[in-house]
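Here is a short tour of a multi-chain model, written to be read alongside the sequence and coordinates. Please keep both to hand as you go.

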Amino acid sequence: MARKPLQFTLNGSDKAVFVEDGRNLLDTLRRGVGDLSPKYGCGQGTCGCCTVLIDGAPHLSCLVLAETVEGRSVETAAGLAGAALHPLQQAFMDNFAAQCGFCTPGMLMAAKALLDRVPSPSREQVVEAIGGNICRCTGYEPIIDAILDAAGRSAGRRSA
Amino acid sequence: MALHRGRGVATINYPIGMNLGGDPSQALVHSNPDGKFMVALSSIDLGQGMKSVTRQIAAETLGVPVQDVYVDTADSDTGPHCMGSFASRGTHRVGNAVIAAAKEARAVMLEAAAEELEVNAADLETDGQGNIHVRGAPQRSITTGEACAAAQFKQGRTVSGRGIFLIPLSDVDPETGEMTPVSCYAHAAMIVDVEVDDETGEVRVLQMNSAYEVGRALNPRLVEQQLRGGAWMGMSHALYETTEPYYPDRGHGPVDFNGYLMPGPGDIAPHNIAILERPAPDGPYGGKGPGEMCANPVLPAVANAVFDAVGVRVDELPITPEKVLRGIRAQGGARPQRAG
Amino acid sequence: MTVEFRKDLFADERDDNLNEIGKPTQRQDALGHVTGRSPFFDDHLFDGLLHLRCVRSPHHHARIRSIDTSRAERMPGVVRIVRGQDVPVNLNTLLSLLDFGRDDEPLLSVEKVAYKGEPVAAVIAETERQARDAVAAVRVDYEVLPHVLDVEEALAPGAPVVNRAYPNNSFDYHDKYDHQKLRFGDVEAAFAQADEVVEGRYQMSPIEQAPTETNGAIAAPETNDRFVCYTSTQALFFSLGTAAKLLNVASNRLHFIGGTVGGGFGGKVDSLNEPMAILGCMLTGRPVRYVFDREEEMQVGAPRGAERWYLKDGVMRDGRLVARKLTGYFDSGAYTRLSSYAIVKCTGHIPGPYTIPNVHSDVFCVFTNRTPATAMRGFGVTGVDFAIECHMDKVARAIGMDPVEFRILNAYRDGDMKAHRREAKNCALIECAQVAAEKAGWPIREAFRQMSSLRDGGGERARIPHTVTDEHGRIGERRAGGTATPARPAAPRYAAMPPAPVAATPPAPPPSVSPPVAPPPVASAPVPPPAASPPAASPPAASPPAARPQPAPPAVSPPSAEPYQPSQPFQRGVHRPGAGRFSSISGTRRR
């Protein structure tokens, strides 16, 4: 099967990998590049576990053709923390917003996409932003609380 | 052409562990010479917090801070046998096995400390902060790390322990059903408020008020995680989920989450939880397992609330708008059961 | 959205001054979860990883005449095709590890398939895409057999035999009965004395555990003639033991690694993926990954089994329940898996957390031609609790009593005798009901607010009453027509596959099957107690509850000239006859 080179930025680092025709971004990230943080939950675009950011916008990587990210910037949960945790990560921990943790990477990226655009979202905006991310464990309330909490902390820091 | 409110109640209990017993779990606890402990299990963390709860149980029993304990699971080469994580057995069976193993390890650690301090082990106590001291004379003290290093390099003791726990296997009588199912039960009561649209049949859960009795809330945040998530799953089961919408016909079975419905973040209802604790005599620090019973009372409470709202009994799950609507039409309109 | 801890209740039974217990300590795995580093089974990379996908039956019930893999074998990327003959021990039941039940389920079927989706062969290829393509090229010649999908029909004489290990379509209990009995007291005498008798029928459809992580395993050769298996199982040693048995390999040659699972809820105990992945690894010498995609997880992976319950309560006007009779049918699907155990667990749970002096139940594990069921959150209990708690509501209203007070009155107390003949202890139902009512602002009378689990139990309530037993429902009796069976509809609903219409133009509407209709409110008028009837151990032979429309038998209507109009929602769906869901995967053409 013919493979073509693909170059893109992943969490700020340059990546180069060969992909076959039709290979999706999720599989490329996981097995091609070795970033195991986005998860396979359905492969049908209905669960959100594979959510990554492409040029800042949330995408379902299981439905994205890998070749379409040529030259673009991809962000995953594995790249959220620097020297310290991202406020969202800290807020998820503090609010006990993860149980099995499988939906968490996708949930974080959907939340980040929101907070990068809307630093002080309403609860309704949070609900809509994660409306495409299924969680089977938490009942969603702690996740919503965590995202609002993270927004509040960032707002606190900005106004300080 | 109206929205009708109704409320329904359900009360349940739940058996803890595999029915009829005979479901053992083992645990191994050992320390390194720094006094840091590892708990080796083959139990499974599905998200319910198995690793976290057993860590706290081990730390409590050993008398050390929780940061000095890690739980490793699951590797069949290094972990001892465990039946698995199901039947709400984890906290109870695995927790008790961890206590047994931790007790043994603690006893050796105190013996080692006793030898260093030249006292009787029975006179020693731990402060839960990493120190072992003589009862009544706190200045005569040694750290857990020092005790474990002495055990390892000087005294030739293993600061480790083994534990197994099982409820004895019970028979069941073929004629009467007499049996010993389990040794303890958790309890729950749930009151659900719903609003039913008599034009579309849609049911919206407005609020849930519940009381759950869990033996001991070993970690209050983890218990809350289970109860919230479980009640959500109960609501989902009551109103949305089915793999065979025309059971027993197999047609139109969903094949993705577009067809398999579950309430999303915009569909959830506020849930006010009360937690009661009546320790199980044989539970780890009295703990029972909240993991399964959290969902069960929601299903009938919702069904009873729908009846209260519009007078329709939907005795088949899931309670879909279509079933509600057909019921309303069959009786010539909504029949709210309470005045006002 | 609040959480409160009612430490005041049962305080004298607890020591609340503990060091670590009771603290809201952060989860050990929280950091791993939020950084995406928690190692689920699929988060391990292997060189030369192969992908396994199964060829699955499109039919509910069929004999396998032949399987032709010749075309698939030649397709690009295909490394190995696995057949039933390749499985060293190709028959098992999960609970054989506990010595319970007969081996009834093959890993890969050879002679017949008993549910839609049952695997008959496996393809191992370099990529998942190649495996899927090769699966589609496998041709299986099936002889379609009559199937049965309704639990009560499955128990009737003449129903197709679903599971050859259990020719009566029900699990054999104690080598004696086709169900598990519970007998405590004399329900018929109590019904005769009761002020009101209330009956009900309850039905739960199958549902999916639907964890966000699907079932899966990756097996790879280890350095020392062993196999390592990364797995999503909920029961590490259960899966290891099952794999060791099916593959006839010493258990210490298997190294299972798991423990971090993306949700289980009971759906990850069946241990189907591990033996298959390890077998693939044994046959190819390379790492093999076998993971359910979401469609498989939903329709092939075992669901919570459907349950059907018939309840009959006898109650006095002062609110005391005096008798409860239950008949329950668990739909186990085509194979036993864990359902046999659920029936006994359920029996030990009946009649719920209430002290009722006369209790009678029969619970069946029934085989039908559908996806085998397995455990799900509340296994053995969720279904009967739905039935019991809906029924409690009906009974309370029948005597005009508040539903919360009714439950508190009948709740079990410390010292009471339970129907399975053990003393109730450590009870707390009353307190839960009181606290929930208080939170919800549901007023209950002072007397009920004062009741307690710790008082008024035992004594007379601790007695084991004289009990009427019977020997109805011996194995084989029902199928031979010797035991009263439920009335069957005139034409069996699901006995045969409807022939595929040949219409070339607009597709024919499907056989008209009405979706379940919500029954009208149950009449609250008391049902006259039966006169001198023998202790009935069999399912009710009487006509089904009144005014409940039965779905019509399947009839293939002529093709409609008009396009589909959604004026009658869900009575007709889009249906393309002749094309089953999996028929594109393995052809249904006959040679």
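## A strand pair across two chains

Strand β11 (residues 271-276) of chain B pairs with strand β1 (residues 3-5) of chain C in the parallel sense, over three bridges. Within this pairing, B:Ala274 stands opposite C:Glu4 in β1(C). Strands pair here if DSSP finds at least two bridges between them; helices (H or I, at least four residues) and strands (E, at least two) are DSSP runs, numbered from the N terminus.

A word on conventions: this is a predicted model, in which local features need pLDDT of at least 70 and side-chain atom pairs count only at pLDDT 80 or more, while totals for chains, interfaces and linings use all residues. Residues are numbered from 1 along each chain as its sequence is written, and chains are lettered from A and ligands numbered from 1 in the order in which they are written.

## How chain C meets its neighbours

Let us turn to the contacts between chains. Chain C places 116 residues in contact with 119 residues of chain B, where two residues are in contact if their C-beta atoms, placed from the backbone, lie within 7 Å. On the chain C side, helix α12 (residues 429-440) gives the most, with nine residues. That side divides into 59 nonpolar, 29 polar and 28 charged residues. In this count, Ala, Val, Leu, Ile, Met, Phe, Trp, Tyr, Cys and Pro are nonpolar, Asp, Glu, Lys and Arg are charged, and the others, Gly among them, are polar.

Chain C also touches chain A, in a contact that takes 24 residues from chain C and 31 residues from chain A. Helix α1 (residues 30-35) of chain C gives the most to the chain C side, with six residues. By class, that side has nine nonpolar, nine polar and six charged residues.

## Chain B as a whole

Chain B contains six helices and 12 strands. Its radius of gyration is 26 Å, whereas a compact globule of 340 residues would have one near 20 Å; the radius is taken over C-alpha atoms, and the globule rule is 2.2 Å times the number of residues to the power 0.38. The C-alpha atoms of chain B fill a box of roughly 85 × 45 × 40 Å along the principal axes.

Of the 340 residues in chain B, 67% are buried (20 or more other C-beta atoms within 10 Å of a residue's own; exposed means 12 or fewer, and partly exposed lies in between, with C-beta atoms placed from the backbone). Among contacts in chain B between residues at least 6 apart in sequence, 77% join residues at least 24 apart.

## Two faces of a strand

Strand β2 (residues 25-31) of chain B runs antiparallel to strand β8 (residues 160-165) of chain B, and six bridges join them. B:Val29 has B:Gly161 as its bridge partner in β8(B).

## Domains in chains B and C

An automatic or database assignment supplies the domain bounds. Chain B is divided into domain 1 (3-16 + 184-330) and domain 2 (25-165), with C-alpha centres 39 Å apart. Here 15 residues of domain 1 are in contact with 15 residues of domain 2. Helix α4 (residues 220-239) of chain B contributes the largest share of the domain 1 side, three residues.

For chain C, the assignment gives domain 1 (50-145 + 210-299) and domain 2 (151-207 + 304-462). Their contact takes 20 residues from domain 1 and 22 residues from domain 2.
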